[in-house]
Amino acid sequence: MASFKEIISTLPRRKSWYGDDTFLYQGFWCDTFFIEGLMRAQQNFRSQPSDIVICSAMKTGTTWLKSLTFAIVTRSTFDDSTNPLFNNLSHDCVPLLEVDLAQSSTNRDPKNPLLATHAPYCSLPRSIIDSSCKIVYICRDPKDSLVSLYHFFARYLASKDMKPPALEEAFELFCQGVSSYGPYWDHVLGFWKASLDRPDKILFLKYEEMIEDTVLYVKKIADFIGYPFSFEELEKGSVEKIVNMCSFENLSNLEVNKSGKHREGTPVVIENKMYFRKGKVGDWENYLTPEMAVRLDSITLQKLNGSGLTL
Ligand code: PAP
């Protein structure tokens with residue numbers, strides 16, 4: 001049987017704007033490291049009915065959603081000062097399917113039902129689709145996701161003394177669908193359509209709406225994943241506490257998120273602070289020209305046409 005690496009070497013390939021080659025696997029562009037992990041997870045991962053799977057394309061609010069869901073499910077285990085989020089990046093509290101769980105489903109803390117993935121809906125391991133586990137998906141205005149993604153990889157390349165490409169180059173490839181786990185619109189549409197078919201299984205969220213009324217969405221998420229707030233908790237402000245604990249201002253100012261590193265000792269080590277840039281809606285206006293914005297918006301309109309979704 002061909003190895004995963006051999007299979008990947010036969011896939012359509014492009015040069016990505018952040019360095020390595022990127023490969024088209026099951027309709028989405030991705031790096032070898034993550035495709036190999038996803039292939040392993042597709043083969044090995046067995047989901048439990050109690051699992052809660054955080055799904056997202058890149059730079060749509062994953063770090064925040066992981067923090068919020070982790071705080072929701074652990075609120076009766078830890079008190080206000082002992083929550084692991086105070087000393088750990090949320091990516092280190094919620095295992096990533098295609099990296100941490102690629103080899104085995106049992107490599108998990110049995111008390112933590114959360115896991116995450118950037119995989120598109122069509123590539124999720126069968127057991128996640130078939131089991132009664134819950135999926136929470138977050139998406140974001142593609143203009144802000146692109147700007148966020150560009151800054152992330154530009155900083156990543158700079159940390160390796162490599163010259164980042166011009167924003168125009170990244171923009172062009174993003175429009176063509178060639179971005180990490182892109183085409184972005186296909187990623188969003190896969191989960192959107194599945195959420196319409198199975199609203200009891202998939203909660204579909206938008207970053208902008210969550211920023212607008214985070215309290216409302218924390219309650220919604222908690223209800224959906226089976227950890228609803230009791231009347232007493234609502235009365236004593238437990239929701240607001242979680243919202244504040246997971247705010248951009250609070251998390252980005254924690255020592256661990258200012259100076260810590262994620263996946264130290266692996267080929268994909270990242271400084272924690274790179275997951276916290278501005279956390280704002282509409283920052284694209286500071287980087288994209290009006291022409292670029294019009295072009296991205298028209299792709300979005302065309303791609304989402306008839307779906308009932310707007311971004
Ligand atoms: P990932 O795909 O690498 O996990 P992800 O967390 O999805 O990244 O996206 C990072 C974005 O979320 C950043 O957006 P920006 O570049 O436009 O600023 C980051 O700042 C933002 N972010 C991180 N934490 C929070 C938070 N607590 N609240 C709101 N936004 C946040």
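Three strands build an open sheet, ordered S1-S2-S3, with antiparallel pairing. Strands S1 (13-15) and S3 (28-30) are the edges; each has a single partner strand, so one side of each lacks a neighbour in the sheet. From one strand to the next, the twist averages 35°. Strands here are DSSP E runs of at least two residues, helices are H or I runs of at least four, and both are numbered from the N terminus. Two strands pair if DSSP finds at least two bridges between them.

This is a predicted model: local features need pLDDT of at least 70, side-chain atom pairs count only at pLDDT 80 or more, and totals for chains, interfaces and linings use all residues. Residues are numbered from 1 along each chain as its sequence is written, and side-chain values use heavy atoms, without hydrogens and water.

Strand S2 (residues 21-25) pairs with S3 over 3 bridges, in the antiparallel sense. Phe23 faces Cys30 of S3.

Now the ligand. It is surrounded by 21 residues; the closest are Lys59, Thr62, Thr63, Ser148 and Lys278. A surrounding residue has a heavy atom within 4 Å of the molecule. H3 (62-73) and H13 (248-252) each supply at least two residues of this shell. The largest share, 3 residues, comes from H3.

A polar side-chain atom of Thr62 lies 2.6 Å from a ligand oxygen. For Thr63, such a distance is 2.5 Å. A side-chain N or O atom of Ser148 is 2.6 Å from a ligand oxygen.

Key: Axes are lines fitted to C-alpha atoms, for helices over the stretch in contact, and angles run from 0 to 180 degrees between N-to-C directions. A polar contact is a pair of N or O atoms within 3.5 Å; within protein, one must be able to donate a hydrogen and the other to accept it, and residues adjacent in sequence count only if both atoms are side-chain atoms.
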